[in-house]
Amino acid sequence: MNANQFLKAVSQLQGWREYAFLLALAERSFPNYALFVEAVGLKTGAKMRQLLDIAWELLQKDTSDAAIPQLLSKLESLSPQVDDYDAYGVYPAFDFCQLLEQALLNRLNPNKHRATEASQLATTTVMNFIEMSEGESLPEDELVRLLDHHPLMKEDKMFQRDLVLALKRQRTPKESFVEELRTGAANEGVSNLGIALDS
């Protein structure tokens with residue numbers, strides 16, 4: 001699947017498939033949030049984990065529209081304000097919050113396509129991290145080369161591509177499939193930035 005085919009496939013995601021795609025992106029970047037809040041002494045990691053778990057449960061069951069705004073306002077209360085912190089980690093943590101927000105908004109208004117933008121956001125999180133950690137003093141052409149060949153970029157591309165293919169092949173969100181999707185996205189606690197929850 002080349003880049004154009006991938007973009008087309010993402011743009012065609014709808015219904016439960018789009019919701020699952022958004023959730024999986026959020027799941028993969030959850031450690032970025034958990035590690036940041038731990039580092040700055042916020043006690044919101046467990047509450048956010050709970051919120052993400054509830055969001056996954058919604059894939060299997062119909063939910064009343066009234067429940068979603070409550071979840072969204074809870075998400076807002078758990079999201080860090082970027083301007084309040086000097087630490088770089090606030091950006092990937094905030095990106096995670098945006099991905100989860102897109103998933104919940106998808107349940108509220110399934111007709112508005114969100115997957116393409118979310119896919120780009122997840123990839124941008126990885127690009128910014130590589131640039132910040134390894135590419136700050138590089139000239140433009142070397143930075144492009146670094147990003148093109150970086151293992152984290154390759155992993156992100158592979159993860160998103162495999163995710164889209166799995167969703168396209170699946171007819172219904174069966175429990176076993178969702179469990180598989182979720183486990184794959186959780187990646188044993190290693191985020192899209194290659195940082196791990198237990199390190």
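Residues are numbered from 1 along each chain as its sequence is written, and side-chain values use heavy atoms, with hydrogens and water left out. As the model is predicted, local features need pLDDT of at least 70 and side-chain atom pairs count only at pLDDT 80 or more, while totals for chains, interfaces and linings use all residues.

The lining comprises 18 residues, and Ala3, Phe6, Thr123, Met153 and Lys157 lie nearest the centre. Two or more lining residues come from each of helix 1 (3-11), helix 6 (115-134), helix 7 (140-149) and helix 8 (151-169), helices being DSSP runs of H or I with at least four residues, numbered from the N terminus. Helix 8 contributes the most, with six residues. By class, the lining has eight nonpolar, five polar and five charged residues, where Ala, Val, Leu, Ile, Met, Phe, Trp, Tyr, Cys and Pro count as nonpolar, Asp, Glu, Lys and Arg as charged, and the others, Gly among them, as polar.

The second largest pocket holds about 190 Å³ of space. Among the residues that line this pocket are Leu72, Glu76, Pro80, Phe94 and Glu101. Helix 4 (67-78) and helix 5 (90-108) each supply at least two residues of the lining, which has six nonpolar, four polar and two charged residues.

Turning to charged pairs, the structure holds four salt bridges, each a side-chain nitrogen of Lys or Arg within 4 Å of a carboxyl oxygen of Asp or Glu. Glu27 pairs with Arg49 at 2.9 Å, N to O; Glu27 belongs to helix 2 (residues 15-39) and Arg49 to helix 3 (residues 45-57), 22 residues apart. Glu27 is buried, at 5% relative accessible area, whereas Arg49 is partly exposed at 22% (buried means under 20%, exposed over 50%, partly exposed in between, with a 1.4 Å probe and protein chains only). Arg49 also forms a salt bridge with Asp53, at 2.7 Å between the closest N and O atoms. Asp53 in turn meets Arg182 at 2.6 Å, N to O, and Arg182 lies in helix 9 (residues 175-186), 129 residues from Asp53. Through shared partners, Glu27, Arg49, Asp53 and Arg182 form one network.

Technical notes
1 Å grid on protein atoms, 1.4 Å probe; cavity = no way out; pocket = protein on both sides within 12 Å on 5 of 7 lines; lining within 4 Å. Points joined across faces, edges and corners; volume = space filled by probe spheres on them.
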